[in-house]
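Here are my notes on the two-chain model you sent. They are set out as numbered points, to be read with the structure open.

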Amino acid sequence: MKLFIRSGLMSLLTLLFLSTNSYGQTTVSGTVTGDQGEALIGVSILIQGTGSGTVTDAEGEYTITAQESDVLVFSYTGYGTVTRTVGTNSVIDVELQAGAQLDEVVVTALGISRERKALGYAVEELNSEEIVQSRQNNLVNALQGQVAGVQVSSAGGGPGQASRIIIRGINSLDPDANNEPLFVIDGIPVSNETLTVGGGGSRNVSNRIADINPQDIETMTVLKGGPATALYGLRAANGAIIITTKSGKSGRVSVDVTSTYGTEEVNKFPETQKTYTQGFAGNYDPNSFWPSWGPSVEEARAFAAENGLPRPNDLFNNFENAYTQGDQWRNTVSVSGGNEKATFRTSLSRLTHDGVLPFSTYDNTSFRINANYQASEKFSFGGGVNYIRSGGNRVNADRFNERLVYWAPQADVNNYIREDGSMIGYRNDGTVGNNPVYGEATNKFIDDVDRYIGNLTFSYSPLPQLRINYTLGLDQYSDFRNNYGQGSVYAGAPNFEDNLSNGNGFVVETSIRRRDVTSNINAIYTSDLTPDLNLRFLGGFDAFDSSYDGVTTIGNDLDIYNLFSLNNAADIRTSAALVNRRLLGLYGELSLAYQNAVYLSVTGRNDWSSTLPQANRSFFYPSVSLGVLLGEVLELPELISFAKLRASYAGIGKDTDPYRTNIVYRNATGFPINNVTGWTRDDQQGAPDLKPERTNTLEFGADLRFLNNRLGIDFTYYNAKSIDQIIPVPVSNATGFSTFVLNAGSMRNSGVELALRGTPISTADLTWNVNLNYTSNKNEVLTIFEGVEDILIGSSFGYAGSSASIRLIRGEPYGNIYGRSYARYDPSGDNEDNLFIDYSQPLLIGDDGFPVIETEQKILGNTQPKWFGALTNNINYKGIGVSFQFDTRQGVQKYNQQGNFFAAFGTAPYTLNRNETIVFEGVTADGSPNTKPVWLGQGEGPDGENYGAGYYRNRYRGSTENFVEDADWFRLRNVSLSYQLPAALLETVFIRTAGITLTGNNLWLETPYSGFDPEGNRGNGNGDDGFGGFTYPSVRSIFVTLNLGF
Amino acid sequence: MKQTILHYLLSACVVVLMTACGADYLDINDNPNVATRPPLDGLLASASYNTAQNQFRVSNGHAAYYVQYLASPNEGNTTDTYLEISNGIAWGELYDVMTDLDDLIRFGQEDGLGRHVAIAKVLMAINLGLVVDNWGNAPFSDAFSGETLRPTYDSAEDLYATIFRLLNEATSELAAAADAPDVRSGSDFVYDGDLELWTRAAASLRARYLNHLSETSQYDPSAVLAAVDAGFTGPEQDAAVTSFTVRNPWAQVADNNANLLLGGWLSEQFIDALNGTTYGTEDPRLPLLTNRNDDGEFVGTPNGAGRQGDGTKTLESYLVLDGAFSMESSPLNIITYAELKFIEAEAALAAGNQERANEAFAEGVRTSMSQIGVDDQSATDYIAAEYGSDDVTRDDIFREKYVAIFLSPETWVDARRYDYAYADFELAENAALNTFPVRIQYPNTETDRNAANVPVVTMTDPIFWDQ
């Protein structure tokens, strides 16, 4: 790598040196920008009255030879025309106003700005206001509901918690595959991984994009499919998010201060029963393990009075009481400015966030500087550095919520600690029973990330038509994770179970260093072949080098109970991992534009990946895209103001994870023992003959606008088929392995994206914009290696065999949830092998009078929504802005693990009928209607029968079907009210701008799901999607933002 | 213009340079965290340690429930009531260990490590024995290579022949291995490289597997006795592992149970056999194995019936951290001198040598007593009360062996050879079968991934030696 950088730099230095020479010709040059300050490419510049002219290049710059007093005409489709007279100044910069709504310039692959109309594929872009609209600290969450085809899910509302973004469906059959898009900031691919090492999985640490301050972002472009990302190569096979940070503008120095305060609370709690108290089989017992299988509180009080026991308490609503109000502050100061040669922007930001779950915190301090320098007409360079420190105490929401179910409601969970520091439990006078709040107080996981993202860009234009760009990027971070559990305050003191799992207290320290280096050089050549035909050629080369180094040290059994140092641990174990990956890519793109009406682009890229065997590590793939502006080719009815058709195809190749090409031996689990290391053959057999995966995408679209652009429809259909997927195929253990890595499957995603934009009102004082987007994705697993029945993506525990799992089988879509169900009457046995329940049949009732459990796993739902969409309104009236966004997800199911526990522990409201005798509706094995009355309670029923642990524990909780719930929702995602002080008011003071914004998120939610907000998943992996319950609950939040400009 | 051309050339050079050195640049796909050729002492360490752990995995997974050492606290528990189970965890671990042993034998032969190879063959025989005795036919001759995706199955009879072949080869190779490089100290978790003890263990195992054939026409009691003669000569020679990552796995079960992750509940069958209910005399070993309940009694849980109370009181007896087999550092046995004495007694009886049977039986009981911590007087009193000076019977041998090798997966082989004829031994409550199970199912990993080869069986199809 070093060699590359050096040779790259050398050549650039040479270029720099050479650029000081000039051609000695008198020319006029300048930059053409849009009204957002973005460079416009391909703007036509004609000398009035002559036939000569030119177009702007990729940087929006042009050079033209002209006489003094010549008139230059600048024109660009969708923008107004501007004329300028050539004077003594050789630099003429022009700003063009967008004439027609939506006719904008967008950032495409490699950060190249292009007219949207010239693209043969769908691209969507968010501007800085849309990005900060919802005041989300995690940049990924800012995309929620904003873009068709993009699905954002999170592991709940914890501070700094990871979110997951999937574009156009899951692409891979491999349970461990990364299905998220590539993130690129200012030309540098950056890490968005969520590392679970050191216990980070159960703690929901941040995805790394959460490090970035949303207020530093100018635009965020979503490249959804193969044709849009083909130039980026394999790392963007799942799409790409191209982020451009704010940079300084020439002119006076401006200072902007933004200060946001937010407060939040849990937006939805599960319902619980509030009648029955501690005990079992209806018998009161303050020492019982069982929180709610006792009698009613009144009965318990009578019993206690008779037996000289303390008076039982009213029931606390611990599920709500255990959570608090969260709050956060984010302050950002930015300074920007510059002159015609140099611009800069710098910002400093600090976020402190305390979450709703006790002790959950997250802090983020970010410093960024961007600078650009125009050294000469031909040479410019610039760069940016972002330093981030982030992290906090990541709570274990799963354990917290699980312990809340065990906790008896007659004890106050917030009364958790004694004066001596020991735990207060819920039974045996507080000496026993894990207190979840005490758990979070004494069992912590704190991450501390130091991250540097830097980019250097050089741009040299030896000829008017040619520009050479070089970008060098670094994304490096260290992540220090410290997980510890407090030992017992004194020997035998009540303590939280997890603190004692491997001795008396523990410390786990993990240190990670990740470093990604990117080097990218390319050249763009533009030329008018004929007045009607423009040509643009781009060629380039990039190199990517990624290294990971992680060490985890576990120290068990603390000597001093609250000294959380490895030096204080009796039993110490260490494990280490190094991972390296390198990629090289050579790419080119040829674009032709005919009469500003027909646009054709052809790209080709060859990748070399270190992760594939030598013979197969080089692979080439092409893409073609075509855009036709119908208005330029034929006469459109007056109603239609713009019409464009798009078609594209791409075949992207993809490599695999490092180290999957041979057979290896690793340290055996549980070793070292007595200073002896053990070795064992690794369970995974790598393949020396792997070949790259391919994703072939076909995309068609139309962009239609009506009524003077007041109404626009953008429609896209895509069909992406991924073949030769590299999967660890499960094999018989007798092979000596449990998986073989093979090219072993294919799957397809096809779908429709629809965006509707309208401007119902547009007057000088009042504008009202409406955006509606809709996405429907259909997935099918086409093939899986012969002999493999299914691929397990993940599973979630349920009592009495009711664990739910997500598995893939041929011919079925991704994300099916399997589990046990109530058996249906099936006398012919026709439905025995059917994977779906025949809901038309009555329940089968056993001889005991209770529903029979079907132990063959059936498909009970699917974790991927059938469709989702959002409706956004923006209304502006004289400086007052109101916007609100509704979004929905439909046709999606989720396994509610909390619901399963609620059934097992008598917490759910429906268990109030526990003392009733009923007849289950259904038929017995012989087909006759069931008539046997049964008691739902525990122990001996009124009929003298012994019902053991009762219906809910014996039967109900054992049917997964009862806990796979519809997780559809409608929600008011965001409401924002802003007021900007009129400039006239500020004329006399030193303040340039002043504004205030009120924002509300998740103010309203409508869902049939019985647990916390179903948007929250168990975690951020493929196997977490669709499992919820004991998640960090989502929040409803309100923000006040003040911004001042000086 | 010259400069322009130079520019082009320079940029082209950059690209060519990068591509040219690409080949070396990309050769970084050898995993730096692992080895392509393992240290053979390390393979032995893992395999010897896990061979003992596999005894636990088979037992705690199903065998201890079928022989009613243990019972589930949950009513109608799958394992308790003979519903289809496969113990895929144990199957997977057994094949993991056998894979490592296969590598150890292969690499050891290449490197001339005779000691390692011979020990590996004994360990291979032990693990393969567990596979055959629990599942029957299984992949072996086509296994471990990674060359086939779906290994074929060998018959159980052929696998028994393989077990005896491995033990014979090991015995002769152990005798010839004196000059081979030593086993690194501490890497052999059973005997720390002691070839003499391994030779005795090989003979003891030979006796065990020959004795398994008691119900077949191949049974030859004199061959069993000949193997016994070459086997262990005292309890200090027991094949067992005594060092653990954290603690003995049975101690972990006891510890978990104390922390409400329930398990290790003793069956009513086992408790009643020792507390005087079944045989009239309280066995002095019982208080050293488990706890008394809150009423001061030893109470077992009937298999299939589940817990008696609501879990708030100690109503039953469990594996506990001060029980002889479930202490933090209790030995995790593979085969013991006491077991060998009961094998000897059984074979001697079959060979018509009553006197040898009597002696071996008494030695077996006394060894068990002293290993568990019963004083000599109590042991003597117990033997006098229960057996007096009577000649030992086959029933006596199975009764005492059941207690002496408590928690061993070997007891399930005994139970099947003995047709579950232990006194008062009954089907579990809510049993799904009307006879006792005589094998378990193949795991999903086989039925899903190797469907073409895996035999279709039921849990009532006997293994070949069970007739």
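**Notes on the predicted model**

1. The axes of helix α8 (residues 221-229) of chain B and helix α11 (residues 337-350) of chain B come within 8 Å, at a crossing angle of roughly 150 degrees. The crossing of α8(B) past α11(B) is left-handed. On the α8(B) side, the contact is made by P221(B), V224(B), L225(B) and V228(B). α11(B) contributes L340(B), I343(B), E344(B), A347(B), A348(B) and A350(B). By class, nine residues of this contact are nonpolar, none is polar and one is charged.

2. The largest nonpolar core holds 136 residues, and A120(B) and V122(B) touch the most other members. Helix α5 (residues 114-135) of chain B gives the most to this core, 14 residues. Leaving aside residues up to four places away in sequence, A120(B) touches L44(B), A47(B), L101(B), L104(B), I105(B) and G108(B).

3. There is also a second, separate core, of 119 residues. Its members include L234(A), I453(A), A593(A) and V741(A).

4. Is helix α7 (residues 397-406) of chain A mostly covered or mostly uncovered? It is mostly covered, with seven of its 10 residues buried. Those buried are A397(A), D398(A), F400(A), N401(A), R403(A), L404(A) and V405(A). The elements of chain A that cover them include α3 (200-203), α6 (318-321), α8 (436-442) and α10 (897-904).

5. The contact between the chains takes 72 residues from chain A and 61 residues from chain B. On the chain A side, the elements that each supply at least two residues are α1 (2-19), β24 (443-463), β26 (506-530), β27 (533-558), β28 (569-594), β32 (665-667) and β33 (679-681). The largest share of that side, eight residues, comes from α1(A). Sorted by class, the side of chain A that touches chain B has 37 nonpolar, 27 polar and eight charged residues.

6. Confidence should be read alongside the previous point. Chain A averages a pLDDT of 90, and 96% of the residues score at least 70. Over residues 1-25 of chain A, however, the pLDDT is below 50. Beyond near neighbours in sequence, this stretch has 31 contacts in the model. Helix α1 of chain A, listed above as residues 2-19, is the element with the largest share of the chain A side of the contact.

Conventions:
Residues are numbered from 1 along each chain as its sequence is written. Chains are lettered from A and ligands numbered from 1 in the order in which they are written. This is a predicted model: local features need pLDDT of at least 70, side-chain atom pairs count only at pLDDT 80 or more; totals for chains, interfaces and linings use all residues. Two residues are in contact if their C-beta atoms, placed from the backbone, lie within 7 Å. Helices (H or I, at least four residues) and strands (E, at least two) are DSSP runs, numbered from the N terminus. Ala, Val, Leu, Ile, Met, Phe, Trp, Tyr, Cys and Pro count as nonpolar, Asp, Glu, Lys and Arg as charged, and the others, Gly among them, as polar. pLDDT is the predictor's confidence in each residue, from 0 to 100. A nonpolar core is a set of buried Ala, Val, Leu, Ile, Met, Phe, Trp, Tyr and Cys residues joined through C-beta atoms within 7 Å. A residue is buried if 20 or more other C-beta atoms lie within 10 Å of its own, exposed if 12 or fewer, and partly exposed in between; C-beta atoms are placed from the backbone. Axes are lines fitted to C-alpha atoms, for helices over the stretch in contact, and angles run from 0 to 180 degrees between N-to-C directions. A crossing is left-handed if the near helix is turned anticlockwise from the far one by less than a right angle, and right-handed if clockwise.
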